[in-house]
Amino acid sequence: MTPSCNRIAPRVLLSLLLIAVLAGSGCSKGLFKDKEADEGQPVEELYAKAHGLMKHGNWNGAEVTYRRLVAQYPYGPYTEQALIETAYAQYKAGKHDDAISSIDRFLRTYPTHRNTSYMYYLRGLVDSSRDTVFLQQVWRLDPSRRDLATPQQAYNDFQIVAERYPNSRYAEDARARMANLRNVFARHDLDVALYYLRRTAYVAAADRAKRVLETYPQSKYQNDAVATLAAAYTGLGNQVLADDAKRVLQQNEPNHPYLRGDWPDYPSNLRKLNPFAGEKSALDNEKH
């Protein structure tokens, strides 16, 4: 390398360093520019800005602006509405834990607020969103390990809306969601019953099937529960009770696959040989 090159190299490095520093300071100013612009703005303008971000689906931006509003104006109707919409923005952004925290904070602070029914309803929606992941995974697990705490919390919140606020605009949808969740609970118990049935634990299978019929009447799994009873009683050698269950099933659903000998559809022997396949539900290929 020539002496001239040695002199040029430090100059080039210095120039690049200066460019990087200037660029970094410009980015830093950009990061704080929006925050500084929000400081001191009237509450109406801050709310309008956040609400506009919500309309365009910018959930994170809306959440940040609502938080700045609440920090600057901790009291008043705009603040109350900002807290409500913060929870909704977090829900839409998939921040379920944050949304639950915001809802709980609102309910503790404003227990008699006119929008209390909505906040219970929203909390149910948040937990129902968690159910999406739950329903995608839960049926592949050992039935004894399935956790229904999240859907149960959602059910409890929808029940509060339906019973405490029966005339609210959210009550009808809350009742419909409760019915769907009852089907989730019924399927859970029925799947456990079939799990026992497959392992020839016939008494336990019959008990679980009875629980489905008694606890979740009119669920979409009631006829499957009757079929499970018939299979369990047959396994126990109690033909009288087995025939009674078959007769009820024949009356309620004469085309049920159990009556053709095609139900339940247990995992194939090949699948059972795979230690990584998980516990396939006998209801995975159900007709529903």
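## Salt bridges

Asp-262 and Arg-260 are joined through their side chains by a salt bridge, with N and O 3.4 Å apart. In this predicted model, Asp-262 is partly exposed at 47% relative accessibility, while Arg-260 is exposed at 54%. The structure contains nine salt bridges.

Another of them pairs Glu-63 with Lys-95, where the closest N and O atoms are 2.9 Å apart. This pair links distant parts of the chain: Glu-63 belongs to helix α3 (residues 59-72), and Lys-95 to the loop between α4 (77-92) and α5 (96-109), 32 residues apart. Glu-63 is buried, its relative accessible area being 7%. Lys-95 is partly exposed, at 29%.

A salt bridge is also formed by the side chains of Arg-123 and Asp-104, at 2.7 Å from N to O. Here too distant parts of the chain are linked, with Arg-123 in helix α6 (residues 116-137) and Asp-104 in helix α5, 19 residues apart. Arg-123 has a relative accessible area of 14% and is buried. Asp-104 is partly exposed at 23% relative accessibility.

## Overall fold

The chain has twelve helices and zero strands. Of its 288 residues, 41% are buried. Among contacts in the chain with a separation of 6 or more, 58% are between residues 24 or more positions apart.

## Aromatic pairs

The count of aromatic pairs is eleven. One of them is formed by Phe-106 and Tyr-110: the ring centres are 5.0 Å apart and the planes stand at 45 degrees, so the pair is tilted. Phe-106 is buried, with a relative accessible area of 1%. Tyr-110 is buried as well, at 16% relative accessibility.

Tyr-118 and Tyr-170 form another tilted pair, with ring centres 5.3 Å apart and planes at 50 degrees. Tyr-118 is in helix α6 and Tyr-170 is in the loop between α7 (149-164) and α8 (171-198), so the pair ties together parts that are 52 residues apart in sequence. Tyr-118 is buried at 15% relative accessibility, and Tyr-170 is buried with a relative accessible area of 17%. Both residues belong to one aromatic cluster, made up of Tyr-118, Tyr-121, Phe-158 and Tyr-170.

## A charge over a ring

Arg-199 lies over the face of Tyr-195, at a distance of 3.8 Å from the ring centre.

## Helix α2

Helix α2 covers residues 43-55 and has 13 residues. From its first C-alpha to its last it reaches 18 Å, close to the 18 Å expected at 1.5 Å a residue. Its buried residues are Val-43, Leu-46, Tyr-47, Ala-50 and Met-54. Viewed down the axis of α2, these buried residues fall within an arc of 95 degrees, so they line one face of the helix.

After α2 comes Gly-57, whose phi is positive, near 75 degrees.

## Helix α10

Helix α10 (residues 222-236) has 15 residues, which should span 21 Å at 1.5 Å a residue; the end C-alpha atoms are 21 Å apart, in agreement with that value. Eleven of the 15 residues are buried, so α10 is largely enclosed by the rest of the structure. The buried set consists of Asn-223, Asp-224, Ala-225, Val-226, Ala-227, Thr-228, Leu-229, Ala-230, Ala-231, Ala-232 and Tyr-233.

Just after α10, Gly-237 has a positive phi of about 80 degrees.

How values were computed. Residues numbered from 1 in each chain as written. Predicted model: local features only at pLDDT ≥ 70, side-chain atom pairs only at ≥ 80, totals over all residues. Heavy atoms only, no water. Helix = DSSP H or I, 4+ residues; strand = E, 2+ residues; numbered from the N terminus. Expected span 1.5 Å × (residues − 1). Buried < 20%, exposed > 50% of the residue type's maximum accessible area, 1.4 Å probe, protein only. Arc of directions from axis to C-beta. Salt bridge = Lys/Arg side-chain N within 4 Å of Asp/Glu carboxyl O. Phe/Tyr/Trp six-rings, centres within 6.5 Å; stacked < 30°, edge-to-face > 60°. Lys NZ or Arg CZ within 6 Å of the ring centre and 35° of its normal. Contact = heavy atoms within 4.5 Å.
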